[in-house]
Amino acid sequence: MQLVFDGHNDVLLRLWSHQKKGADPVAEFRDGTSSGHMDAPRSKAGGLAGGLCAIYIPSGDLVFAEPDHNGHYVTPMAAPLERHASLDIAHEMAAIALRLDRDGAWKLCRTTSDIRDSMAKGVFAAVLHMEGCEAIDADLVALETFHAAGLRSLGPVWSRNNVFAHGVPFAFPMSPDTGPGLTGAGFALVRRCNELGILIDLAHITEKGFWDVAKTSDQPLVASHSNAHALTPVARNLTDRQLDAIKERRGIVGLNYATAMLRADGRSEADTPLEDMIRHVDYLVQRMGIDCVGLGSDFDGATIPEEIGDAAGNQKLIAALLNVGYGEEDLVKLCRENWLRVLASAWGETSAH
């Protein structure tokens with residue numbers, strides 16, 4: 001079994017949502033549940049040894065558009081969120097992450113040594129990520145607090161606009177060049193993240209925002225859960241030019257399991273074959289090299305292929321990659337080492353493996 005360090009999941013959103021209905025989030029993750037995609041038992045069964053766990057503030061007004069007769073769709077952008085309410089939710093999710101750590105249900109990791117130690121002990125290695133910075137003020141005061149609580153990765157924006165940047169809509173077919181990029185506050189956020197050693201994630205940002213980060217940040221370029229636009233032209237996927245820039249900076253693209261970002265027709269349907277995942281891995285590897293590709297499942301945040309089902313089925317993708325000719329060394333890189341190299345670089349660690 002190949003142990004996987006995964007670039008993106010939304011398990012904190014699910015645990016937070018269920019907590020609102022009276023569930024115990026620690027018990028749900030630690031002991032397992034039948035809902036959603038991941039918890040400690042299913043992760044262990046599927047070799048999912050760790051990953052970037054997102055604090056994501058949900059948009060109540062988002063309704064995904066139905067495809068027209070050509071199969072095309074454009075979902076209107078979710079409205080910007082109010083900061084104080086967002087901050088409350090972000091604190092609640094961070095508190096769940098800290099409680100899981102205190103309980104031993106997972107280890108909240110701040111260094112790649114933490115990740116390796118946790119994986120070796122068979123404890124889920126969680127890295128706290130923020131997907132869209134609605135909870136952060138333009139003066140970046142809250143950023144300091146979240147960093148102290150363990151935040152080591154963030155995407156300035158989700159697919160809605162905020163004080164820092166502009167997001168791309170969920171649309172097919174569409175270029176990621178859909179609007180402006182970073183704001184003045186966004187440039188300041190990127191610079192401060194570089195100083196603190198917080199990874200910048202380019203998933204969900206406009207193409208202009210991508211280039212704004214590229215010219216401002218000294219880190220490897222990272223898209224934690226995105227695929228190849230040449231194969232599936234949704235606005236969320238990356239153009240060849242973006243992939244070339246990520247390669248040049250020795251960054252990483254994490255394969256998103258979301259079927260709408262894998263299928264040639266851009267549809268969100270669970271009966272998507274594993275071949276569509278392989279197609280994207282092959283394309284990314286051919287374009288950027290084996291060192292710049294990883295996994296970014298989007299567990300608990302998307303419709304994923306039913307053949308995988310949930311975290312327990314993660315090794316089915318690994319087996320499929322093995323079957324089409326990826327060797328053991330390739331799989332070690334794809335499953336975890338590429339992510340650990342990039343994290344070590346972004347976090348300013350001197351001895352990256």
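The largest pocket holds about 740 Å³ of space. Here a pocket is an open set of points on a 1 Å grid over the protein atoms alone, where a 1.4 Å probe fits, with protein on both sides within 12 Å along at least five of seven lines. The volume is the space filled by probe spheres set on the points, which are joined across faces, edges and corners. This is a predicted model, so local features need pLDDT of at least 70 and side-chain atom pairs pLDDT 80 or more, while totals for chains, interfaces and linings use all residues. Residues are numbered from 1 along each chain as its sequence is written, and side-chain values use heavy atoms, leaving out hydrogens and water.

Lining the largest pocket are 35 residues, with Phe-64, Phe-170, Ala-260, Ser-268 and Gly-301 nearest its centre; a lining residue has an atom within 4 Å of a point. This lining splits into 18 nonpolar, nine polar and eight charged residues. Ala, Val, Leu, Ile, Met, Phe, Trp, Tyr, Cys and Pro count as nonpolar, Asp, Glu, Lys and Arg as charged, and the others, Gly among them, as polar.

Next comes the second largest pocket, at about 190 Å³. Its lining has 13 residues, and Lys-44, Leu-48, Gly-122, Val-123 and Phe-124 are the closest to its centre. By class, nine of the lining residues are nonpolar, three polar and one charged.

As for the whole protein, 60% of its 353 residues are buried (under 20% relative accessible area with a 1.4 Å probe, protein chains only). The C-alpha trace spans about 45 × 45 × 45 Å along its principal axes.

Key:
Buried < 20%, exposed > 50% of the residue type's maximum accessible area, 1.4 Å probe, protein only.
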